[in-house]
Amino acid sequence: MANKTWQFDDFQIGYRFSPSRYSIGADDSDAFLRTFALGPIRTEPAAAAPAVEENRPVRPVHPTLVASFQPQHAAFAWPTGVLHAREKVRLSAPVYPGEALEACVGIKNKYEKNDRKFVVLEIVVRKLENGTDALTVERTLVWPQ
């Protein structure tokens with residue numbers, strides 16, 4: 001986690017933090033998927049199960065896990081009381097377990113409304129192997145008074 005705790009007045013629109021690199025392993029991806037209640041796919045007629053385990057494709061990492069707070073924690077620390085207000089995620093390419101990723105956190109906007117302070121981050125996650133943007137997150141946070 002970054003050392004400096006950022007206050008609302010520290011943020012400047014357009015500022016970009018140094019990129020951070022990370023990857024998500026298969027075990028972490030599987031553990032994340034186990035937090036959801038998954039049921040069988042229902043089709044008409046009933047679908048046959050795969051005959052051989054080796055024929056199963058590698059599953060991509062869930063976009064929610066790729067867009068986790070990990071890159072944000074690497075960029076800066078924040079004070080107690082920051083609330084996660086809203087998030088938009090745009091998926092451009094799947095991320096597979098073990099892929100090297102680079103995330104760049106930028107300040108898209110900051111404003112005050114109804115006596116509350118808002119910071120809007122834009123986080124772009126790029127696949128290092130081919131330079132493809134995997135996803136973009138627009139995360140709105142409410143800063144404490």
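Contact here means heavy atoms within 4.5 Å. This is a predicted model, where local features need pLDDT of at least 70, side-chain atom pairs count only at pLDDT 80 or more, and totals for chains, interfaces and linings use all residues. Residues are numbered from 1 along each chain as its sequence is written, and side-chain values use heavy atoms, with hydrogens and water left out.

Lys127 is found in strand β4, and Lys88 lies in β2, residues 83-91. Strands (E, at least two residues) and helices (H or I, at least four) are DSSP runs, numbered from the N terminus. For burial, the cut-offs are under 20% relative accessible area for buried, over 50% for exposed, and in between for partly exposed (1.4 Å probe, protein chains only).

| Residue | Relative accessible area | Class |
|---|---|---|
| Lys88 | 45% | partly exposed |
| Lys127 | 8% | buried |

Leaving out residues up to four places away in sequence, Lys127 touches Ala93, Pro94, Glu99, Ala100, Leu101, Thr132 and Ala134. With that same exclusion, Lys88 touches Thr136, Val137 and Glu138. Lys88 also sits 6.6 Å from Arg139, C-alpha to C-alpha, though 51 residues separate them in sequence.

Now for the nonpolar core (buried Ala, Val, Leu, Ile, Met, Phe, Trp, Tyr and Cys residues joined through side-chain atoms within 4.5 Å). The largest one has 28 residues, and Phe11, Phe17, Val66, Phe76, Val125 and Trp143 touch the most other members. Two or more residues each come from α2 (63-66), β3 (101-113), β4 (116-127) and β5 (133-143), with β5 giving the most, 5 residues. Beyond four places in sequence, Trp143 has contacts that include Trp6, Phe11, Phe76, Trp78 and Lys117.
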